[in-house]
Amino acid sequence: GAALGPPALKQVKLEKESELRIEVSFNTSLHLRLLSGNAEIFGTEMPPQNWLVFPPKMKFAIFTWYGATIEMQDNTETDYVADETSMISYANVHAVLEERRNRAKASASDSHASQGPRVIVVGPTDSGKSTLSKTLVSWAAKQGWKPTFVDLDIGQGSITLPGCIAATPIEMPIDPVKGIHPDMPLVYFFGHNTPTVNADLYRVLVKELAQILKRQFAGNAEYKAAGMVINTMGFIDGLGYNLLLHAIDTFQANVVLVLGQEKLYSMLKGVLKRKPYVDVVKLQKSGGVVSRNKKFRASARSQRIREYFYSVSNDLSPRSTIANFSDLAVYKIGGGPQASASAPPIGVRRVADPMRLVPVNINRDLLNLVLAVSFAKEQDQILSRY
Ligand code: ATP
């Protein structure tokens, strides 16, 4: 029967190099703390003794290098200890990246050698890409680097909202509950949660982001030496694969970490042979990664949108602003035939121009949609700053 009062507490003892995998209950949060020893959550050290509160549905793992005791409420969906984890192989990758960062820092005067590692993490959905990316940047931040985290995954979007691609320097290990809290992220709004809607636009935005980062790095040796970690989408077939190659090329990635798929690994290894400076590394998917179905993904997306406006702990209050329809112009990028005053010559098809700005009527169809505000002064600056 339903117990009254707060859920009972339990203690879990973790042996060295093991992890406690948790799925928080679907409707109640979980209070948990580190009683003794050392432990980390996806690369971020847990504070000793302090109670942490994890929101409903969250899935995560607490890993310990040397052993730890956790005290937690006994109210999770599931929790179990695993002694086979991927953390050691991830830490080996981290060690190699550290070496490259140190080398980059030591060659500050050489514009090429002073570039730290540009890592891209690829793999199918639910292979642990976001988790590995966050772990790597948190470990780097813990050693005092300021690596740039780039998220090209428009499906979930851990920096701002789903539908965006974004980048931000990470100066502190990522908060395991609140996630990334960027001060000044670089964000490009795509507006859909899948690239198939307008793949050309997706490519253009990826290129814009890469160019801006390149400029920032040129002016900031610290960011440049720390390099970047790029998280990608789980869409890896057909168009998805092409977009991965495009991202590898555009960001000039020199470390490609392939999670959990032999086929993708061998395809990338083959095609990247002509770029000897790129290391393609195969990594085991962690047994802890939880598969999420379509419905769960959709609800995680809505949750992200909510969090963006209200924060995880519900302590932000968005302010509404009233404006006249006549003072606003709403555009959609792509879709519709190319604008032309006259009919096309015979034999020429009207093709949809993926970069065309299409004015959108303001009506009820816009209810509950998220739009981006552009700082462009002229229409034709909406897409590019160049
Ligand atoms: P997608 O392609 O959909 O973005 P992904 O490959 O990036 O997925 P993650 O988001 O890293 O996958 O992981 C999926 C879920 O599994 C997340 O909720 C994550 O917190 C959880 N998870 C990852 N590793 C572990 C682990 N070792 N133990 C428990 N949960 C984990």
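This is a predicted model: local features need pLDDT of at least 70, side-chain atom pairs count only at pLDDT 80 or more; totals for chains, interfaces and linings use all residues.

Colleague: Let's start with the ligand, then. How many residues surround the ligand, and which are the closest?

Modeller: The ligand is surrounded by 22 residues, and the closest are Lys59, Lys129, Ser130, Thr131 and Arg297. By class, that shell is made up of 6 nonpolar, 8 polar and 8 charged residues.

Colleague: And which helix or strands each supply at least two residues of that shell?

Modeller: Strand S2 (18-23), strand S7 (59-64) and helix H2 (129-142) each give at least two residues to the shell around the ligand.

Colleague: What is 2.8 Å from a nitrogen atom of the ligand?

Modeller: That is an N or O atom in the side chain of Glu19. A ligand nitrogen also lies 3.3 Å from an N or O atom in the side chain of Ser286, and for Gly288 it is a polar backbone atom that is 3.2 Å from a nitrogen of the ligand. Taken alone, the ligand exposes 630 Å², and 92% of that is buried by the protein.

Colleague: Changing topic, where is Asp83, and is Asp83 buried or exposed?

Modeller: Asp83 sits in the loop between strand S9 (78-82) and helix H1 (87-106). Asp83 counts as exposed because its relative accessible area is 65%, and the cut-off for exposed is over 50%.

Colleague: What is Asp83 in contact with, if we leave aside its neighbours within four places in sequence?

Modeller: On that basis Asp83 is in contact with Glu17 and Ser18. Gly155, by contrast, is 72 residues from Asp83 in sequence, and the C-alpha atoms of the two are 31 Å apart in space.

Colleague: I also wanted to ask about backbone angles. What is phi of Lys57 near?

Modeller: Phi of Lys57 is near 75°, which is a positive value in a residue other than glycine. Most residues other than glycine have a negative phi. Lys57 lies in the loop between strand S6 (52-54) and S7, and it counts as partly exposed because its relative accessibility is 31%.

Colleague: What about Gln252, where is phi near 45°?

Modeller: Gln252 likewise has a positive phi and is a residue other than glycine. Its place is in the loop between helix H5 (239-250) and strand S15 (255-259), and at 37% relative accessibility Gln252 counts as partly exposed.

Colleague: Asn254 is in the loop between H5 and S15 as well. Is Asn254 buried or exposed?

Modeller: Asn254 is buried, because its relative accessible area is 14% and the cut-off for buried is under 20%. Not counting residues up to four places away in sequence, Asn254 touches Arg100, Pro117, Arg118, Tyr277, Val278 and Asp279.

Colleague: Arg118 makes me think of strand pairing. In what sense do strand S10 and S14 pair?

Modeller: Strand S10 (residues 118-122) pairs with S14 in the parallel sense over 4 bridges, and the bridge partner of Arg118 in S14 is Met228. Strand S11 (residues 148-151) also pairs with S14 in the parallel sense over 4 bridges, with Phe149 opposite Val229.

Colleague: And which way do the residues of S14 point?

Modeller: Met228 and Ile230 point one way from strand S14 (residues 228-231), whereas Val229 and Asn231 point the other way, and all of them are buried.

How values were computed. Residues are numbered from 1 along each chain as its sequence is written. Side-chain values use heavy atoms; hydrogens and water are left out. A residue is near a molecule or strand if one of its heavy atoms lies within 4 Å of it. A polar contact is a pair of N or O atoms within 3.5 Å; within protein, one must be able to donate a hydrogen and the other to accept it, and residues adjacent in sequence count only if both atoms are side-chain atoms. Accessible areas come from the Shrake-Rupley method with a 1.4 Å probe; for residues, only the protein chains shown count as cover. Ala, Val, Leu, Ile, Met, Phe, Trp, Tyr, Cys and Pro count as nonpolar, Asp, Glu, Lys and Arg as charged, and the others, Gly among them, as polar. Buried means under 20% relative accessible area, exposed over 50%, partly exposed in between (1.4 Å probe, protein chains only). Contact means heavy atoms within 4.5 Å. Two strands pair if DSSP finds at least two bridges between them.
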